[in-house]
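Hi,

Here is the structure I said I would pass on.

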Amino acid sequence: MIKAIIFDLDGTLVQTEPLKCLAYARAALELSSDSLSREEVAQACQDLIGVSDAETALTLIQRFRLEDAAQARMAELGVDTSWQAFMEMQMRIYNQMVDDPGVLRREQLPHNIALLHEARQNGYKTALATLSSREQTSRLLGMLGLSGAFDFVATQDDVKRPKPDPEIYQLVAQELTIHPSECLVLEDSPTGVGAALAAGMWCIAVPSSLTSQAVHAAGLLDKRWIVDDPATVKAVVQRMIAEQQLNNS
């Protein structure tokens, strides 16, 4: 029996990914002396949706040869590596974007948030498993009015290995004292789906326009567990719960 429903944050409850990619693009242009385009960096960032912030920053800084320029900013930004300097620049730009609560309200995903509230009302335990930092996660949840919506919140600060490693979902199951097979996960990217499945959990993908193609191409889930129409997410969750109960009867 499903006893817990676990949600990803970025791309699942709120569509922050385009904002993050735009912030990376602006930071890259600030560092680059080449004829780098914002669109080029943003597209490269979109291809990395679902991986950790650290891996994204490291990949982008290497791809666009920004190491030297970022290294020159390390002391100013109080960090020890060039990729950390790049990530700090990106975070400052991103935080300025979301300082306006209206920005996040426009980007929240209402059907998934409604599912979260209904899950709690129906007695399911709820948790969050995100590769965002704890500070950033707390800030976003507060701005979305979701600070008290979870029985447990796991962030990148709580694990050593990012998704698609199952560590973060194993941690959630442990903290909720629920067996992984009794957990249902909502994710938006192939890496997140892979992490949930590797942890032995049930999983439904709710991809955005940025991740839909990759989720379908990954072939990790039967197509009936990929929600292309957000309005149907509740029905798909109910169908998976019913099937899980039938399998265990």
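Let's begin with the largest pocket: 15 residues line it, and Met87, Glu88, Met91, Ser133 and Glu135 are the ones nearest its centre. The elements that put two or more residues into this lining are α3, α6 and α9 (134-144). The biggest contributor is α6, with 7 residues. By type, the lining of the largest pocket splits into 5 nonpolar, 5 polar and 5 charged residues, and the space in it comes to about 400 Å³.

Before going on, a word on where this comes from: it is a predicted model, in which local features need pLDDT of at least 70 and side-chain atom pairs count only at pLDDT 80 or more, while totals for chains, interfaces and linings use all residues. Residues are numbered from 1 along each chain as its sequence is written, and side-chain values use heavy atoms, with hydrogens and water left out.

Pockets and cavities are found on a 1 Å grid over the protein atoms alone: a cavity is a set of points where a 1.4 Å probe fits but cannot get out, a pocket is an open set with protein on both sides within 12 Å along at least five of seven lines, and lining residues have an atom within 4 Å of a point. Points are joined across faces, edges and corners, and a volume is the space filled by probe spheres set on them. Ala, Val, Leu, Ile, Met, Phe, Trp, Tyr, Cys and Pro count as nonpolar, Asp, Glu, Lys and Arg as charged, and the others, Gly among them, as polar. Helices (H or I, at least four residues) and strands (E, at least two) are DSSP runs, numbered from the N terminus.

The second largest pocket has a volume of about 170 Å³. Among its 13 lining residues, Leu109, Asn112, Val206, Pro207 and Pro230 are closest to the centre. Helix α8 (residues 110-121) supplies the largest share of this lining, 3 residues, and the lining as a whole has 7 nonpolar, 6 polar and no charged residues.

The largest holds about 250 Å³, and of its 21 lining residues Asp10, Glu17, Lys20, Gly50 and Val51 are closest to the centre. Its lining divides into 7 nonpolar, 6 polar and 8 charged residues, with the largest share, 4 residues, coming from α1. The second largest cavity, at about 30 Å³, is lined by 6 nonpolar residues, 1 polar and no charged.

Now the core and the strands. Beyond its neighbours within four places in sequence, Phe7 is in contact (heavy atoms within 4.5 Å) with residues including Asn112, Leu128, Phe150 and Leu186.

Leu128 is also the bridge partner of Phe7 in β2. Strands β1 (residues 4-7) and β2 run parallel, joined by 4 bridges; two strands pair if DSSP finds at least two bridges between them. On to strand β3 (residues 152-154): 3 bridges join it to β2, again parallel, and Ala129 has Ala154 as its partner there.

Cheers
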